[in-house]
Amino acid sequence: MKTGPVKGQEITIRGIVYDGMGAAMRDALVEIWQADATGLFPSAGEKRGKADPNFTGWGRSPGDMNTGEFTFETVKPGQVPFVDGRLQAPHVSFWIVARGINIGLQTRMYFADEADANAVDPVLTRIEHQSRVSTLLAHPEGDGTYRFDIHLQGPQETIFFDI
Amino acid sequence: MTDARDTGFIPRDRAWHPAPYHPPYKTSVKRSPQAALLSMPSTLGEETGPVFGHAMLGELDNDLIHNFAQPGESAIGPRIVVYGRVLDETGRAVPNTLVEFWQANAGGRYRHKKEGYLAPLDPNFGGCGRTITGEDGFYEFRTVQPGPYPWPNGMNDWRPAHIHFSIFGSGFAQRLITQMYFEGDPLIPLCPIVGTLKDPRAVEALTAPLDMNRTIPAAIWERR
(Lines give C-alpha, C1' and ligand atoms only; values in the text may rest on other atoms or scores of the structure.)
Protein backbone atom coordinates (compact mmCIF):
# COMPACT_ATOMS: atom_id res chain seq x y z
CA MET A 1 0.00 0.00 0.00
CA LYS A 2 3.09 2.19 0.31
CA THR A 3 5.00 2.87 -2.89
CA GLY A 4 7.49 5.31 -1.36
CA PRO A 5 7.90 7.54 1.69
CA VAL A 6 4.42 8.22 3.08
CA LYS A 7 2.92 10.98 5.19
CA GLY A 8 1.67 10.17 8.65
CA GLN A 9 2.00 7.32 11.11
CA GLU A 10 2.96 4.01 9.55
CA ILE A 11 1.09 1.08 11.09
CA THR A 12 0.63 -2.65 10.67
CA ILE A 13 -2.83 -4.24 10.83
CA ARG A 14 -3.04 -7.91 11.75
CA GLY A 15 -5.95 -10.19 12.45
CA ILE A 16 -7.62 -13.52 11.94
CA VAL A 17 -11.07 -14.32 10.58
CA TYR A 18 -12.86 -16.85 12.80
CA ASP A 19 -15.82 -19.02 11.82
CA GLY A 20 -18.78 -19.84 14.03
CA MET A 21 -16.89 -22.69 15.68
CA GLY A 22 -14.11 -20.33 16.70
CA ALA A 23 -11.74 -21.85 14.18
CA ALA A 24 -9.25 -19.62 12.39
CA MET A 25 -10.11 -19.50 8.69
CA ARG A 26 -7.13 -20.11 6.48
CA ASP A 27 -8.96 -19.59 3.20
CA ALA A 28 -10.33 -16.09 3.79
CA LEU A 29 -9.30 -13.23 1.54
CA VAL A 30 -9.38 -9.79 3.12
CA GLU A 31 -9.24 -6.47 1.29
CA ILE A 32 -9.08 -3.01 2.80
CA TRP A 33 -9.64 0.52 1.54
CA GLN A 34 -8.88 3.67 3.47
CA ALA A 35 -7.97 7.34 3.33
CA ASP A 36 -4.40 8.57 3.60
CA ALA A 37 -3.05 10.22 6.74
CA THR A 38 -4.78 13.50 5.90
CA GLY A 39 -8.17 11.93 5.17
CA LEU A 40 -7.97 11.94 1.35
CA PHE A 41 -8.64 8.93 -0.89
CA PRO A 42 -6.25 8.08 -3.73
CA SER A 43 -9.20 7.65 -6.07
CA ALA A 44 -10.77 9.19 -9.15
CA GLY A 45 -13.80 9.96 -6.99
CA GLU A 46 -11.82 12.15 -4.57
CA LYS A 47 -12.66 15.78 -5.39
CA ARG A 48 -11.38 17.45 -2.19
CA GLY A 49 -7.68 17.37 -2.93
CA LYS A 50 -4.76 15.22 -3.95
CA ALA A 51 -3.97 12.23 -1.79
CA ASP A 52 -0.45 11.13 -0.86
CA PRO A 53 1.03 9.94 -4.19
CA ASN A 54 3.01 7.21 -2.40
CA PHE A 55 -0.06 5.61 -0.88
CA THR A 56 -2.51 3.35 -2.75
CA GLY A 57 -5.20 3.13 -0.07
CA TRP A 58 -6.01 -0.44 -1.09
CA GLY A 59 -4.63 -3.71 0.16
CA ARG A 60 -5.35 -7.41 -0.30
CA SER A 61 -4.19 -10.19 2.02
CA PRO A 62 -4.89 -13.89 1.44
CA GLY A 63 -3.82 -14.63 5.02
CA ASP A 64 -1.04 -16.87 6.18
CA MET A 65 -1.51 -20.37 4.78
CA ASN A 66 -0.91 -21.99 8.19
CA THR A 67 -2.36 -19.52 10.69
CA GLY A 68 -4.82 -17.57 8.55
CA GLU A 69 -3.47 -14.27 9.87
CA PHE A 70 -3.82 -11.33 7.49
CA THR A 71 -1.34 -8.47 7.48
CA PHE A 72 -1.42 -4.96 6.02
CA GLU A 73 1.42 -2.44 6.07
CA THR A 74 -0.34 0.90 5.89
CA VAL A 75 -0.76 4.31 7.54
CA LYS A 76 -3.22 5.45 10.15
CA PRO A 77 -5.99 7.14 8.17
CA GLY A 78 -7.10 10.71 8.73
CA GLN A 79 -10.68 11.73 9.38
CA VAL A 80 -13.24 11.75 6.57
CA PRO A 81 -16.61 13.53 6.65
CA PHE A 82 -19.91 11.66 6.97
CA VAL A 83 -22.77 12.50 4.59
CA ASP A 84 -23.91 15.37 6.82
CA GLY A 85 -20.44 16.88 7.14
CA ARG A 86 -19.63 15.59 10.63
CA LEU A 87 -16.18 14.07 10.84
CA GLN A 88 -15.99 10.30 11.19
CA ALA A 89 -13.43 8.71 13.47
CA PRO A 90 -10.39 7.27 11.64
CA HIS A 91 -11.35 3.93 10.17
CA VAL A 92 -10.46 1.35 7.54
CA SER A 93 -13.06 -0.35 5.33
CA PHE A 94 -12.84 -4.15 5.17
CA TRP A 95 -14.24 -6.68 2.69
CA ILE A 96 -14.05 -10.37 3.56
CA VAL A 97 -14.63 -13.28 1.21
CA ALA A 98 -14.07 -17.02 1.55
CA ARG A 99 -15.54 -20.34 0.60
CA GLY A 100 -18.94 -20.46 2.31
CA ILE A 101 -19.30 -16.67 2.50
CA ASN A 102 -21.94 -16.41 -0.18
CA ILE A 103 -21.90 -12.64 -0.41
CA GLY A 104 -18.79 -10.66 0.57
CA LEU A 105 -18.94 -9.15 4.06
CA GLN A 106 -18.36 -5.44 4.58
CA THR A 107 -17.19 -4.01 7.87
CA ARG A 108 -15.06 -1.22 9.28
CA MET A 109 -12.09 -1.21 11.60
CA TYR A 110 -11.85 1.67 14.08
CA PHE A 111 -8.95 2.38 16.44
CA ALA A 112 -9.40 1.67 20.16
CA ASP A 113 -6.94 4.48 20.93
CA GLU A 114 -9.21 7.08 19.27
CA ALA A 115 -11.81 7.00 22.06
CA ASP A 116 -12.83 10.66 21.76
CA ALA A 117 -13.40 10.49 18.01
CA ASN A 118 -15.09 7.09 18.29
CA ALA A 119 -17.53 8.43 20.92
CA VAL A 120 -19.03 10.88 18.42
CA ASP A 121 -18.57 8.88 15.21
CA PRO A 122 -21.79 9.04 13.12
CA VAL A 123 -21.68 5.31 12.30
CA LEU A 124 -20.64 3.95 15.69
CA THR A 125 -23.30 6.01 17.46
CA ARG A 126 -26.10 4.58 15.29
CA ILE A 127 -25.43 1.02 16.46
CA GLU A 128 -28.42 -0.16 18.47
CA HIS A 129 -26.54 -2.59 20.68
CA GLN A 130 -23.68 -0.41 21.88
CA SER A 131 -22.01 -3.47 23.43
CA ARG A 132 -21.22 -4.55 19.86
CA VAL A 133 -19.18 -1.42 19.06
CA SER A 134 -16.17 -3.20 20.53
CA THR A 135 -16.29 -5.71 17.67
CA LEU A 136 -15.17 -2.90 15.34
CA LEU A 137 -12.19 -1.78 17.43
CA ALA A 138 -8.59 -2.64 16.65
CA HIS A 139 -6.30 -2.73 19.64
CA PRO A 140 -2.72 -1.42 19.65
CA GLU A 141 -0.12 -4.09 20.37
CA GLY A 142 2.90 -1.78 20.38
CA ASP A 143 5.37 -1.06 17.59
CA GLY A 144 2.57 0.48 15.55
CA THR A 145 0.72 -2.82 15.22
CA TYR A 146 -3.05 -3.00 15.60
CA ARG A 147 -4.96 -6.27 15.99
CA PHE A 148 -8.39 -6.62 14.42
CA ASP A 149 -9.88 -10.09 14.61
CA ILE A 150 -13.13 -10.76 12.76
CA HIS A 151 -15.78 -13.17 14.05
CA LEU A 152 -18.39 -14.35 11.57
CA GLN A 153 -20.75 -15.71 14.25
CA GLY A 154 -21.23 -16.07 17.98
CA PRO A 155 -21.28 -13.71 20.96
CA GLN A 156 -18.36 -11.73 19.50
CA GLU A 157 -19.88 -11.56 15.99
CA THR A 158 -18.40 -8.59 14.16
CA ILE A 159 -20.84 -5.95 12.96
CA PHE A 160 -21.25 -6.18 9.19
CA PHE A 161 -22.78 -3.43 7.11
CA ASP A 162 -25.48 -3.22 4.48
CA ILE A 163 -24.41 -0.42 2.17
CA MET B 1 -23.38 0.48 -8.98
CA THR B 2 -24.70 3.93 -9.69
CA ASP B 3 -22.60 7.04 -9.21
CA ALA B 4 -22.94 8.28 -5.70
CA ARG B 5 -23.50 11.92 -6.68
CA ASP B 6 -25.90 13.42 -4.15
CA THR B 7 -27.92 10.40 -3.12
CA GLY B 8 -25.33 7.80 -2.18
CA PHE B 9 -25.28 4.25 -3.42
CA ILE B 10 -28.45 2.24 -3.76
CA PRO B 11 -28.21 -0.59 -1.18
CA ARG B 12 -27.66 -4.06 -2.56
CA ASP B 13 -30.78 -6.08 -3.31
CA ARG B 14 -30.28 -8.83 -0.76
CA ALA B 15 -33.19 -10.84 -2.20
CA TRP B 16 -31.35 -11.09 -5.52
CA HIS B 17 -27.94 -11.88 -4.11
CA PRO B 18 -27.23 -15.30 -2.57
CA ALA B 19 -28.54 -16.10 0.89
CA PRO B 20 -25.61 -16.10 3.36
CA TYR B 21 -27.05 -19.02 5.32
CA HIS B 22 -27.93 -21.96 3.08
CA PRO B 23 -27.67 -25.33 4.87
CA PRO B 24 -27.41 -27.44 1.68
CA TYR B 25 -24.11 -25.58 1.14
CA LYS B 26 -22.61 -26.89 4.34
CA THR B 27 -19.66 -24.53 4.61
CA SER B 28 -22.05 -21.57 4.77
CA VAL B 29 -23.61 -22.79 8.03
CA LYS B 30 -20.77 -21.62 10.30
CA ARG B 31 -19.61 -18.82 8.02
CA SER B 32 -22.80 -16.77 7.78
CA PRO B 33 -23.43 -13.86 10.17
CA GLN B 34 -26.47 -14.33 12.39
CA ALA B 35 -27.09 -10.74 13.45
CA ALA B 36 -28.79 -8.35 11.07
CA LEU B 37 -26.50 -6.27 8.88
CA LEU B 38 -26.28 -2.64 9.99
CA SER B 39 -27.62 -0.31 7.32
CA MET B 40 -25.67 2.88 6.73
CA PRO B 41 -25.56 5.49 4.00
CA SER B 42 -22.55 5.32 1.73
CA THR B 43 -19.84 7.83 2.54
CA LEU B 44 -16.71 8.78 0.61
CA GLY B 45 -14.98 5.63 1.81
CA GLU B 46 -17.66 3.48 0.22
CA GLU B 47 -18.09 5.61 -2.92
CA THR B 48 -14.41 5.77 -3.80
CA GLY B 49 -12.20 2.85 -4.68
CA PRO B 50 -8.74 1.96 -5.89
CA VAL B 51 -7.65 2.97 -9.37
CA PHE B 52 -6.05 0.36 -11.61
CA GLY B 53 -4.48 1.55 -14.83
CA HIS B 54 -3.75 -0.33 -18.02
CA ALA B 55 -0.05 0.08 -17.20
CA MET B 56 -0.29 -2.70 -14.64
CA LEU B 57 -1.65 -5.21 -17.13
CA GLY B 58 0.65 -7.69 -18.86
CA GLU B 59 0.19 -8.46 -22.53
CA LEU B 60 -1.24 -11.93 -21.82
CA ASP B 61 -3.27 -11.11 -18.71
CA ASN B 62 -6.48 -11.64 -20.71
CA ASP B 63 -5.26 -14.84 -22.39
CA LEU B 64 -5.32 -17.81 -20.03
CA ILE B 65 -4.46 -20.12 -22.91
CA HIS B 66 -0.98 -18.62 -23.05
CA ASN B 67 -0.28 -16.58 -19.92
CA PHE B 68 1.15 -19.55 -17.99
CA ALA B 69 2.35 -21.60 -20.96
CA GLN B 70 5.90 -22.32 -22.00
CA PRO B 71 6.99 -20.43 -25.14
CA GLY B 72 5.39 -22.06 -28.16
CA GLU B 73 2.99 -24.12 -26.04
CA SER B 74 -0.56 -23.57 -24.88
CA ALA B 75 -3.16 -24.86 -22.45
CA ILE B 76 -5.13 -28.04 -23.17
CA GLY B 77 -8.89 -27.83 -23.64
CA PRO B 78 -11.63 -26.34 -25.76
CA ARG B 79 -10.54 -22.79 -26.55
CA ILE B 80 -13.20 -20.21 -25.80
CA VAL B 81 -13.73 -16.47 -25.81
CA VAL B 82 -15.60 -14.99 -22.85
CA TYR B 83 -16.96 -11.49 -23.22
CA GLY B 84 -19.51 -9.23 -21.62
CA ARG B 85 -20.12 -5.84 -20.09
CA VAL B 86 -20.02 -4.55 -16.54
CA LEU B 87 -23.19 -2.55 -15.94
CA ASP B 88 -24.63 -0.77 -12.93
CA GLU B 89 -28.14 -1.53 -11.63
CA THR B 90 -29.61 1.11 -13.93
CA GLY B 91 -27.95 -0.46 -16.97
CA ARG B 92 -25.17 2.09 -17.39
CA ALA B 93 -21.69 0.93 -18.32
CA VAL B 94 -19.02 0.75 -15.63
CA PRO B 95 -15.84 1.81 -17.46
CA ASN B 96 -12.19 1.39 -16.50
CA THR B 97 -12.84 -1.15 -13.79
CA LEU B 98 -10.65 -4.12 -12.98
CA VAL B 99 -12.16 -7.54 -13.74
CA GLU B 100 -10.26 -10.60 -12.49
CA PHE B 101 -11.08 -14.20 -13.36
CA TRP B 102 -9.84 -17.60 -12.27
CA GLN B 103 -10.86 -21.15 -12.98
CA ALA B 104 -10.01 -24.84 -12.95
CA ASN B 105 -8.32 -26.36 -15.99
CA ALA B 106 -10.10 -28.39 -18.65
CA GLY B 107 -10.01 -31.46 -16.39
CA GLY B 108 -11.56 -29.61 -13.45
CA ARG B 109 -8.33 -29.17 -11.48
CA TYR B 110 -7.13 -25.95 -9.82
CA ARG B 111 -3.52 -24.96 -9.55
CA HIS B 112 -3.47 -24.61 -5.75
CA LYS B 113 -1.31 -26.15 -3.03
CA LYS B 114 -4.31 -27.56 -1.21
CA GLU B 115 -6.05 -28.98 -4.29
CA GLY B 116 -6.06 -32.77 -4.29
CA TYR B 117 -8.49 -33.79 -7.05
CA LEU B 118 -7.21 -36.66 -9.19
CA ALA B 119 -7.52 -34.76 -12.48
CA PRO B 120 -4.04 -33.82 -13.73
CA LEU B 121 -2.51 -30.39 -13.67
CA ASP B 122 -1.86 -28.86 -17.07
CA PRO B 123 1.73 -27.57 -17.00
CA ASN B 124 0.72 -24.83 -19.44
CA PHE B 125 -2.34 -23.57 -17.57
CA GLY B 126 -2.27 -21.30 -14.52
CA GLY B 127 -5.95 -20.39 -14.41
CA CYS B 128 -5.83 -16.67 -13.54
CA GLY B 129 -6.27 -13.54 -15.61
CA ARG B 130 -7.48 -9.97 -15.51
CA THR B 131 -8.51 -7.08 -17.68
CA ILE B 132 -9.93 -3.57 -17.41
CA THR B 133 -13.29 -2.62 -18.92
CA GLY B 134 -13.46 -0.17 -21.81
CA GLU B 135 -15.47 3.06 -21.87
CA ASP B 136 -18.55 1.01 -22.73
CA GLY B 137 -17.96 -1.41 -19.83
CA PHE B 138 -16.88 -4.13 -22.25
CA TYR B 139 -14.42 -6.88 -21.31
CA GLU B 140 -13.16 -9.95 -23.12
CA PHE B 141 -10.68 -12.73 -22.49
CA ARG B 142 -9.59 -16.01 -23.97
CA THR B 143 -9.31 -19.24 -22.03
CA VAL B 144 -10.12 -22.93 -22.16
CA GLN B 145 -13.47 -24.23 -21.00
CA PRO B 146 -13.04 -25.39 -17.39
CA GLY B 147 -14.11 -28.87 -16.40
CA PRO B 148 -16.66 -29.68 -13.70
CA TYR B 149 -15.33 -31.28 -10.54
CA PRO B 150 -16.57 -33.04 -7.41
CA TRP B 151 -16.26 -31.26 -4.07
CA PRO B 152 -16.69 -32.33 -0.46
CA ASN B 153 -20.22 -31.34 0.54
CA GLY B 154 -22.66 -34.16 -0.11
CA MET B 155 -21.25 -37.59 -0.87
CA ASN B 156 -20.89 -36.81 -4.56
CA ASP B 157 -21.69 -33.17 -5.25
CA TRP B 158 -20.29 -31.69 -8.46
CA ARG B 159 -19.66 -28.08 -9.31
CA PRO B 160 -20.91 -27.19 -12.77
CA ALA B 161 -18.15 -25.87 -15.01
CA HIS B 162 -17.62 -22.28 -13.94
CA ILE B 163 -15.33 -19.27 -14.04
CA HIS B 164 -14.89 -17.08 -10.97
CA PHE B 165 -15.10 -13.32 -11.44
CA SER B 166 -13.99 -10.46 -9.22
CA ILE B 167 -15.24 -6.95 -10.01
CA PHE B 168 -14.24 -3.67 -8.39
CA GLY B 169 -16.69 -1.05 -9.69
CA SER B 170 -16.16 2.61 -8.92
CA GLY B 171 -16.56 2.40 -5.14
CA PHE B 172 -15.28 -0.08 -2.56
CA ALA B 173 -18.84 -0.88 -1.41
CA GLN B 174 -19.47 -2.35 -4.87
CA ARG B 175 -16.77 -4.97 -4.44
CA LEU B 176 -18.17 -8.22 -5.77
CA ILE B 177 -17.24 -11.82 -6.47
CA THR B 178 -19.40 -13.99 -8.66
CA GLN B 179 -19.31 -17.04 -10.93
CA MET B 180 -20.17 -17.65 -14.55
CA TYR B 181 -21.77 -20.91 -15.72
CA PHE B 182 -22.21 -22.36 -19.20
CA GLU B 183 -25.53 -22.64 -21.00
CA GLY B 184 -26.93 -26.15 -21.03
CA ASP B 185 -24.82 -27.60 -18.21
CA PRO B 186 -27.04 -30.17 -16.45
CA LEU B 187 -25.06 -29.75 -13.22
CA ILE B 188 -26.25 -26.15 -12.72
CA PRO B 189 -29.65 -26.93 -11.12
CA LEU B 190 -28.10 -29.66 -8.94
CA CYS B 191 -25.44 -27.47 -7.37
CA PRO B 192 -25.90 -26.48 -3.69
CA ILE B 193 -23.88 -23.30 -4.28
CA VAL B 194 -26.07 -22.25 -7.20
CA GLY B 195 -28.95 -23.09 -4.85
CA THR B 196 -28.04 -20.11 -2.64
CA LEU B 197 -29.85 -18.04 -5.27
CA LYS B 198 -33.58 -17.95 -4.70
CA ASP B 199 -34.60 -16.30 -7.97
CA PRO B 200 -34.18 -18.47 -11.08
CA ARG B 201 -33.57 -15.31 -13.09
CA ALA B 202 -30.48 -14.69 -10.97
CA VAL B 203 -29.13 -18.11 -12.00
CA GLU B 204 -29.94 -17.28 -15.60
CA ALA B 205 -28.01 -14.01 -15.25
CA LEU B 206 -24.92 -16.02 -14.26
CA THR B 207 -25.27 -18.46 -17.16
CA ALA B 208 -23.42 -17.45 -20.32
CA PRO B 209 -25.16 -18.38 -23.59
CA LEU B 210 -23.17 -19.64 -26.53
CA ASP B 211 -22.71 -16.89 -29.12
CA MET B 212 -21.57 -18.41 -32.40
CA ASN B 213 -21.22 -14.93 -33.88
CA ARG B 214 -18.37 -14.22 -31.53
CA THR B 215 -16.49 -17.46 -32.14
CA ILE B 216 -13.22 -17.25 -33.99
CA PRO B 217 -12.58 -19.66 -36.88
CA ALA B 218 -9.42 -21.64 -36.27
CA ALA B 219 -7.59 -20.22 -39.27
CA ILE B 220 -8.03 -16.69 -37.93
CA TRP B 221 -7.34 -17.70 -34.31
CA GLU B 222 -3.95 -19.11 -35.34
CA ARG B 223 -2.96 -15.75 -36.79
CA ARG B 224 -2.86 -14.22 -33.34
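Between chain A and chain B there are 25 residue pairs in polar contact, both residues at pLDDT 80 or more. A polar contact here is a pair of N or O atoms within 3.5 Å; within protein, one must be able to donate a hydrogen and the other to accept it, and residues adjacent in sequence count only if both atoms are side-chain atoms. This is a predicted model, where local features need pLDDT of at least 70, side-chain atom pairs count only at pLDDT 80 or more, and totals for chains, interfaces and linings use all residues. Residues are numbered from 1 along each chain as its sequence is written, chains are lettered from A in the order in which they are written, and side-chain values use heavy atoms, with hydrogens and water left out.

**Where the chains meet**

- Chain A brings 50 residues to the contact and chain B brings 47 residues, with contact meaning heavy atoms within 4.5 Å.
- The two chains bury about 4200 Å² between them, and 59% of it lies on carbon and sulfur atoms; buried area is the accessible area (1.4 Å probe) that two parts lose on being put together, summed over both.
- On the chain A side, Asn102(A), Asp162(A) and Ile163(A) lose the most area to chain B, together 19% of what that side buries.

**Charged partners**

- The interface of chain A and chain B holds 5 salt bridges, each a side-chain nitrogen of Lys or Arg within 4 Å of a carboxyl oxygen of Asp or Glu.
- Arg60(A) forms a salt bridge with Glu100(B), and their closest N and O atoms are 2.7 Å apart.

**A pairing across the interface**

- Strand S11 of chain A pairs with strand S1 (residues 38-39) of chain B in the parallel sense over 2 bridges; strands are DSSP runs (E, at least two residues), numbered from the N terminus, and two of them pair if DSSP finds at least two bridges between them.
- Asp162(A) has Ser39(B) as its bridge partner in S1(B).

**The sheet in chain A**

- Picture an open sheet of 8 strands in chain A, in the order S4-S3-S6-S7-S8-S9-S1-S5, with mixed pairing.
- S4 and strand S5 (70-75) of chain A stand at the edges with a single partner strand each, so one side of each is left without a neighbour in the sheet.
- Within chain A, S3(A) and S6(A) pair in the antiparallel sense over 5 bridges.
- Val30(A) has Ile96(A) as its bridge partner in S6(A).

Terms used. Helices (H or I, at least four residues) and strands (E, at least two) are DSSP runs, numbered from the N terminus.
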